[in-house]
Amino acid sequence: MNRLQRYLFRNLLIALLYSTAGLTLTIWLSQSLRLIEMVVEAGAPMRVFLWLLVLTVPTFLGIVLPLALVGAVLFTYNRLATDSELVVMRAAGVGPFALAAPAMLLAFGVTVVVYVLNLWLTPAAHQELVRMEYAVRSDYSQLFLREGVFNEVGDRFSVFVRERDSEANLHNVIIHDGRIPEKPVTIIGERAVMLTGSEGARFVVYNGNRQELDRKTSRLSQLFFERYAVDLKVLSSASGERYPDARERSTDELLHPPPQLAGDPKMMRDLLAELHHRLSSPLLALAYTMVALACLLSGEFNRRGQSVRVTTAVLVVMAIQSAVLGLSSLAAKVSVLVPLMYVLPVAALAPAAWILSRNLRRRVPPGGEAAAG
């Protein structure tokens with residue numbers, strides 16, 4: 001790149017970093033409101049919250065980067081037009097493709113980054129998020145026990161806690177175990193604590209009673225106790241039977257699905273749609289950039305500003321993004337729509353490139369050939 005193109009590339013890169021940081025912080029804020037609830041209301045350690053917050057970044061960064069790139073392109077070239085820098089560049093004989101080259105180079109770089117995210121980092125982040133959630137739930141720490149409500153700890157197993165003090169004591173506890181429908185059990189105690197060890201987690205309830213109802217005989221049996229232990233280890237057995245979601249699976253698993261999933265058509269369609277989503281979505285960075293460049297660099301300079309062109313570019317990008325989201329959902333249900341996931345970015349890229357090339361053979365002023373690069 002010549003000095004002029006390096007100047008454009010530097011401005012685009014700075015704008016991209018700022019726009020990416022702004023969008024990331026905005027999404028982070030919405031995610032943190034959900035995650036911080038575990039810290040404030042349930043007593044989760046801060047390190048768990050921070051690690052979960054870090055893991056959320058790769059899950060949405062692949063979507064944020066192409067949109068941030070569009071914002072950077074629109075901001076940079078619109079500012080250059082407002083400051084009449086684009087007019088000077090064009091008067092010096094710099095053609096539309098020479099002006100667009102730094103943006104397209106940056107778009108190729110973003111495409112590579114999104115491919116790395118989609119193929120490796122994002123699946124690993126999704127898998128780690130789910131693993132942490134199930135690991136915490138299998139221990140049944142007090143992370144998910146809220147005060148004043150019935151907490152669904154497991155399948156047909158709920159816990160009610162009136163309040164919790166600073167020493168981790170649970171007061172006025174009700175535990176309902178309905179895993180055996182014929183003999184549901186309800187345990188009521190004045191106080192309880194959660195204990196974890198090598199053999200799993202358990203509740204230790206003090207000063208209460210255990211009620212068991214035999215539905216066949218309609219007989220209620222009660223046991224009053226001073227100390228009673230409820231083992232929670234058996235509740236975590238079902239977690240091992242869970243099949244990972246398509247987003248959690250590695251790209252290699254999507255390319256070579258496990259044999260046990262061959263008999264599940266829905267899961268196979270989900271895996272196919274996820275695979276092609278990872279391969280096709282990075283192309284949106286190129287398509288969005290070309291659309292923005294076609295709107296801003298084609299045609300003649302207008303002293304009234306470029307608000308109409310900027311608005312047009314934003315609307316077109318929003319329409320493409322909406323179509324991509326809808327198509328990704330439909331492709332998981334109808335596999336014949338999968339090729340459209342590649343057609344859509346190309347369908348946006350090709351017309352934009354044609355519009356941008358219409359002024360390629362514009363008359364260059366004397367001495368402008370060198371500046372055109």
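Q: Which residues are linked with Asp83 in a network of salt bridges?
A: Arg79 and Glu85 are linked with Asp83 in that network. Keep in mind that this is a predicted model.

Q: How many salt bridges does the count come to?
A: The count comes to 9.

Q: Which residue does Glu128 meet in a salt bridge?
A: Arg131. The N to O distance is 2.8 Å.

Q: How are Glu128 and Arg131 placed in helix 4?
A: They sit 3 residues apart, so about one helical turn separates them. Helix 4 covers residues 96–139.

Q: Buried, exposed or partly exposed: what is Glu128, and what is Arg131?
A: Glu128 is partly exposed at 21% relative accessibility. Arg131 is partly exposed too, at 46%.

Q: Where do Lys266 and Asp270 lie?
A: Both are in helix 6, residues 265–280. They are 4 residues apart, about one turn of the helix. Lys266 counts as exposed, at 52% relative accessibility.

Q: What about Asp245, which residue forms a salt bridge with that one?
A: Arg247 does, with the closest N and O atoms 3.4 Å apart. Asp245 is partly exposed at 33% relative accessibility. Arg247 is partly exposed at 47%.

Q: Switching to nonpolar side chains. Which residues form a nonpolar patch on the surface?
A: Val112, Val116, Trp120 and Leu121. Together they have about 400 Å² of accessible area. Val112 belongs to helix 4. Val112 has a relative accessible area of 52%, so it passes as exposed.

Q: Where does UniProt place the feature "transmembrane region"?
A: The UniProt entry, which is unreviewed, puts that feature at residues 12–29, 49–77, 97–121, 279–298, 310–330 and 336–356.

Q: How far apart are the end C-alpha atoms of residues 12–29?
A: They lie 26 Å apart. That span is 100% helix and 0% strand.

Q: And what is the helix share over residues 336–356?
A: The chain is 81% helix there, with 0% strand. The end C-alpha atoms are 33 Å apart.

Q: Which helix does Leu52 lie in?
A: Leu52 lies in helix 2. Leu52 is buried, with a relative accessible area of 10%. The C-alpha atoms of Leu52 and Leu35 are separated by 7.7 Å. Those two residues are 17 apart along the chain.

Q: On to the strands. In what sense do strand 2 and strand 3 pair?
A: Antiparallel, over 7 bridges. Strand 3 covers residues 170–177. Val159 stands opposite Ile175 in strand 3.

Q: How many residues sit between strand 2 and strand 3 in the hairpin?
A: There are 5. Ala168 is in the turn, with a positive phi of about 70°.

Q: Why is strand 2 largely enclosed by the rest of the structure?
A: Because 6 of its 8 residues are buried. Strand 2 covers residues 157–164.

Q: Where else is there a positive phi at a residue that is not a glycine?
A: Ser84 has one of about 65°. Asn172 has one of about 55°. For context, most residues other than glycine have a negative phi.

Q: Where do Ser84 and Asn172 lie?
A: Ser84 is in the loop between helix 2 (46–82) and helix 3 (85–91). Asn172 is found in strand 3. Ser84 is partly exposed, at 33% relative accessible area. Asn172 is partly exposed at 42%.

Q: Last topic, rings. How many aromatic pairs does the structure hold?
A: The structure holds 2. Phe150 and Phe160 form a tilted pair, 5.0 Å centre to centre, with 40° between the planes.

Q: Which parts does the pair of Phe150 and Phe160 tie together?
A: Phe150 lies in strand 1 (residues 150–154) and Phe160 in strand 2, so the pair ties together parts that are 10 residues apart in sequence. Phe150 counts as exposed at 52% relative accessibility. Phe160 is buried, at 11%.

Q: How far apart are the ring centres of Phe225 and Tyr228?
A: They are 5.2 Å apart, centre to centre. This aromatic pair is tilted, with 35° between the planes. Phe225 counts as buried at 10% relative accessibility. Tyr228 is partly exposed at 22%.

How values were computed:
Residues are numbered from 1 along each chain as its sequence is written. This is a predicted model: local features need pLDDT of at least 70, side-chain atom pairs count only at pLDDT 80 or more; totals for chains, interfaces and linings use all residues. Side-chain values use heavy atoms; hydrogens and water are left out. Patches are made of residues with over 30% relative accessible area and no salt bridge: like charges are joined within 9 Å, nonpolar side chains (Val, Leu, Ile, Met, Phe, Trp, Tyr) within 5 Å. Accessible areas come from the Shrake-Rupley method with a 1.4 Å probe; for residues, only the protein chains shown count as cover. A salt bridge is a side-chain nitrogen of Lys or Arg within 4 Å of a carboxyl oxygen of Asp or Glu. Helices (H or I, at least four residues) and strands (E, at least two) are DSSP runs, numbered from the N terminus. Buried means under 20% relative accessible area, exposed over 50%, partly exposed in between (1.4 Å probe, protein chains only). Two strands pair if DSSP finds at least two bridges between them. UniProt positions are given in the numbering used here, feature names are shortened, and annotations may be inferred rather than shown by experiment. Rings of Phe, Tyr and Trp (its six-membered ring) pair if their centres lie within 6.5 Å; planes under 30 degrees apart count as stacked, over 60 as edge-to-face and the rest as tilted.
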